[in-house]
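Let's take a walk through a protein model together. Keep the sequence and the 3D view side by side as you read.

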Amino acid sequence: MKKTILIAAALVAMTACNKSLIEVTPAEEFGTITLGVTTDTEMVVTKATTEYDTYNVTLKQGNDVKWTKELAEIETSDLKVPAGTYTIYVENLTEAEAAPADNHGAVRVAGTADVTVKAGIDNDVTVKCVAVNSRVTVAHSFGEIFTDPQVTITDGERALNMQWGHEESKGAYYSAGKSLSWNLSVTMANGTKKTYSKNAATTTVAKKWTKINFAPSSTDGNIIIEIVVDGTISEIVEVSETIDPLGGN
């Protein structure tokens, strides 16, 4: 899906399909930036456009940060700048905000674009934001073989108790490049409780949805853990692991 936000006139106006220019009196050494922000990723949840007000926008010239403001706080004067080359960085959440310790987090999108401002005119720039973190979900097909299965996913710093199912609403979000481990606890048919674990089971990739499937073997009662990374820009990667049900703790 694709959402577009545009900054116009003296107020910040955000629309999905219309573009308005910031009207100012040209000055010899100043130009204006007409900023558009788009998000285009399957991981973005549909939102009302007003919810983009809280996107963080940073204007830089080289290594010099001119300002960082939420989208709704940007004024016309902020986008009237001396001629030169600038970089604009946009994100909906910081990395920490997208992966808080006390909940499953949210999709984080970010993007950057350069603009060369010429004096006396409006200079268009569009920042395309894409997902930069990863969604993780878990599912199982134990049937009556095991009861009360519970699984925890951790990146070494942040451990989350997962809900079963591959619905987006049951996903947990981790930053890209995180090595994930899991810990599974089950109750066997005879009432025995066992735990299984795997360190460094998979590594998260930006803009990808990692689906971890726990399933019993059809032969000798082993458990097969299958990890499927389902992304929009690369092939599916599958990893299968066999666990001896007589093992565990």
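Which ring does the charged end of lysine 211 sit over? The ring belongs to tryptophan 209, and the charged end of lysine 211 is 4.6 Å from its centre. Arginine 135 has its charged end over the ring of tryptophan 209 as well, 4.4 Å from the centre.

A quick word on the ground rules. This is a predicted model, in which local features need pLDDT of at least 70 and side-chain atom pairs count only at pLDDT 80 or more, while totals for chains, interfaces and linings use all residues. Residues are numbered from 1 along each chain as its sequence is written, and side-chain values use heavy atoms, leaving out hydrogens and water.

Now for rings meeting rings. Rings of Phe, Tyr and Trp (its six-membered ring) pair if their centres lie within 6.5 Å; planes under 30 degrees apart are stacked, over 60 edge-to-face, and the rest tilted. That rule gives three aromatic pairs. In one of them, the planes of phenylalanine 142 and phenylalanine 146 are at 85° with the centres 5.2 Å apart, so we call the pair edge-to-face. Tryptophan 182 and phenylalanine 214 are also edge-to-face, with 5.3 Å from centre to centre and 85° between the planes. Tryptophan 182 is in strand 13 (residues 179–188) and phenylalanine 214 in strand 15 (residues 208–216), so this pair ties together parts 32 residues apart in sequence. Strands, by the way, are DSSP runs (E, at least two residues), numbered from the N terminus.

Next, look for the largest nonpolar core, which has 25 residues. Such a core is a set of buried Ala, Val, Leu, Ile, Met, Phe, Trp, Tyr and Cys residues joined through side-chain atoms within 4.5 Å, where buried means under 20% relative accessible area with a 1.4 Å probe, protein chains only. Ile33, Val57, Ile88 and Val90 have the most contacts inside this core. Several strands, including strand 2 (30–40) and strand 6 (84–91), each supply at least two of its residues. Another core, of 20 residues, lies apart from it and includes Val136 and Met162.

Finally, find the open sheet of four strands, antiparallel and ordered 11-10-13-14. Two strands pair if DSSP finds at least two bridges between them. Strand 11 (159–161) and strand 14 (193–203) are the edges, each pairing on one side only.

Note on methods:
Lys NZ or Arg CZ within 6 Å of the ring centre and 35° of its normal. Buried < 20%, exposed > 50% of the residue type's maximum accessible area, 1.4 Å probe, protein only.
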